[in-house]
Amino acid sequence: MAADNNTTTRLLTLLNVSATKAGKRKWADYVPAEKLNKRKTKTVKTVSITEQADETPQISREDEDEMDVDEEAQETKEIEEDTVEDSTDPYELHFGCNPPCLSESSRNAVDSRRWKHFKSSKGKLGPAYESLPESAEPGPSKPSENILERIKKPFLERQAKLPKDQAELQNDVLSVLSNHQDLYIAPSPWETKKCLREAISLHVLNHVTKKRRRVLKNNERLAHAAKSGIEPPEDVQDQGFTRPSILILLPFRSSGLEWFKALTSHTPSPEFQIQNQSRFVAEYGLPPDAIDKLASAEPGTYPMDHVETFKGNVDDSFRVGIKLTRKSVKMFTEFYGCDIIMASPLGLRQSIQKEKNADYLSSIEILVIDQLDALTMQNWEHVKFVMEHLNKLPKESHDTDFSRTKPWYLDGHAEYLRQSVLLSAFETPETRALYNANLKNVAGKVRLDKRWSPVQVPEGIEQNFIRFECANPKDEVDKRFNYFTTQLLPSILKSAVQSSNTVIFIPSYFDFVRVHNYFRTLTGVTFTVLSEYSTNQDISRARQAFFTGNKSFLLMTERFHFYKRYKIRGIRNLVFYGPPDHPQFYTELLSYPFLDEGVDSEDVSCRVLYSRYDWFRLERIAGTEAGVGLVKGS
């Protein structure tokens, strides 16, 4: 009860603060209704998308506002030509003033995790598990009729040039997204990344455009009422607390550049101007004189997933605001004046901690997280931090016009309508927990059902999967360490063959620290280490010492292999402290012994320590059917 009172008090304070600022502009950069009919009085030079950053003319805030007034006046005329009826438009049904799916019973069902689950087929996406609140029913979707013609036309022209499978995949993705359900695509292979980005970015732009048109239409209604001297309409709640409605979380700047290309593929020249494009490409790409060793290497030199992940600018701290108008895409817009925030979890966390609030995340209606598998290899706490700050009541008013704020924002129910799109190469316990606990969309959510085949390993290698019992996931870390130190490692040290040329692969850095410290207590055992924190000099010394036999054991983390992808020579015995998240790492490590001449399959041993809680990893390595048998102990 105390928490409810505090929330109510804070909201009333915001209302009072807003009331004292009635003369100020409302909701970021949207132009007030009384300015809609004003014409531009001066000529402002627009920026060509080919101009360099230092050639971009400085446009003042007043000039930019006048440009927006002119664009919005023109767009207001076009709104009347829109063929989508409000009563049937999925945007209005889900994000309108009174969404029919948002009820007390649906919210209670979501909060108590009373979902009803059923299998369904999503075309080229494949079989899926669909989850709906207890009382909800799935509805039909017509994506081609729900997307505005102006942004759909360039998409259809490009789609016609795609392979049939990819075009169908895009349509199936849009079909799910048009219902405003959450969508979790895992696996998301590199071969389809580009077409998926374009389909999702089309949905995002459609959402922003429809939201903008609703605001402009209501501005026109209010202006007409004021001009006619009649009572203003009351059904004009069309905004959130702040303007940004889209959040795209990505691991690297290179990922941001790819999403920028996907977004702007729907806004071609000359219909649209991309402002600050040169600056964005310069900051999110590589310097002009830089050589990308991964992208320029001969095919096969590096694994494809490594090239696709790390080519380009791999800085993991960034954030940028993107503002959309009728004729332009404006990069580097300040957060409270933009429509889309594109950032890394680290970059966004730094911004939140610096400003000591996350009010610009209060009105996010679509969340997209791409490359979740890469984010798990960074710091997952950053992702959790951002999720904890989504759709919270703001600490300040930010000139919000509360008379235009949608009721469900004022009620604190925005998280029940937020649509989330998750993309990952594979599932992990962290990503599944995110899906289960943080996605509360009352319209439901869809998770793909992937069946895995066993990975390919060199013929003849005997693989020993060693199971340890654990009844509680909270005890799993200690149980694993205890089994490794009391049973598995002692048996290895007793063998003269297996106690040399042995790599111990450890997925978790925390486990790595624990095992490393334990090895320090052993007498007569020589070892070296490779972790994500190893310097180039450390790496060179460790690899040389292990290959020459000066060190019998090599402790290696999964993150080291993820970031460096070095080929390790001298391996004869592999011990997986836990199955790797990346199934291709298992295959690669088992192939490394054969880099040395005269090595037969009988010379290589492989042991994998696992528990029932390693299901996701086991399934990707052993295959779904064999993984079930391993988990059940049969």
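Trainee: How many aromatic pairs does the structure hold?
Mentor: This is a predicted model. Rings pair if their centres lie within 6.5 Å. By that rule the structure holds 27 aromatic pairs.

Trainee: Which kind of pair do Tyr284 and Phe318 form?
Mentor: A pair of aromatic rings is described by the distance of the centres and the angle of the planes. For Tyr284 and Phe318, the centres are 5.6 Å apart and the planes stand at 85°. Planes over 60 degrees apart count as edge-to-face. So the pair of Tyr284 and Phe318 is edge-to-face.

Trainee: How many residues apart in sequence are the parts that this pair ties together?
Mentor: Tyr284 lies in helix α10, residues 277-284. Phe318 lies in the loop between α12 (304-310) and β6 (319-324). The pair therefore ties together parts whose separation in sequence is 34 residues.

Trainee: Is Tyr284 buried or exposed?
Mentor: Buried means under 20% relative accessible area. Tyr284 has 2% relative accessibility, so Tyr284 counts as buried.

Trainee: And Phe318, buried or exposed?
Mentor: Its relative accessible area is 2%. The cut-off for buried is under 20%. Phe318 is therefore buried.

Trainee: Which residue lies over the face of Tyr284?
Mentor: A charge sits over a ring if NZ of Lys or CZ of Arg is within 6 Å of the ring centre and within 35 degrees of the ring normal. Here the distance from the ring centre of Tyr284 is 4.6 Å. The residue is Arg253.

Trainee: Which residue lies over the face of Trp115?
Mentor: The distance from the ring centre of Trp115 is 4.5 Å. The residue is Lys445.

Trainee: Now the largest pocket. Which helix gives the most to its lining?
Mentor: The largest pocket has a volume of about 1200 Å³. Its lining has 38 residues, with Thr376, Glu430, Ser508, Phe510 and Arg559 nearest the centre. Helices that each supply at least two lining residues include α14 (372-377), α15 (380-388) and α17 (429-438). The one that gives the most, with seven residues, is α15.

Trainee: How many residues of that lining are nonpolar?
Mentor: By class, the lining of the largest pocket has seven polar and 13 charged residues. The number of nonpolar residues is 18.

Methods:
Residues are numbered from 1 along each chain as its sequence is written. This is a predicted model: local features need pLDDT of at least 70, side-chain atom pairs count only at pLDDT 80 or more; totals for chains, interfaces and linings use all residues. Side-chain values use heavy atoms; hydrogens and water are left out. On a 1 Å grid over the protein atoms alone, a cavity is a set of points where a 1.4 Å probe fits but cannot get out, and a pocket is an open set with protein on both sides within 12 Å along at least five of seven lines; lining residues have an atom within 4 Å of a point. Grid points are joined across faces, edges and corners, and a volume is the space filled by probe spheres set on the points. Helices (H or I, at least four residues) and strands (E, at least two) are DSSP runs, numbered from the N terminus. Ala, Val, Leu, Ile, Met, Phe, Trp, Tyr, Cys and Pro count as nonpolar, Asp, Glu, Lys and Arg as charged, and the others, Gly among them, as polar. Rings of Phe, Tyr and Trp (its six-membered ring) pair if their centres lie within 6.5 Å; planes under 30 degrees apart count as stacked, over 60 as edge-to-face and the rest as tilted. Buried means under 20% relative accessible area, exposed over 50%, partly exposed in between (1.4 Å probe, protein chains only).
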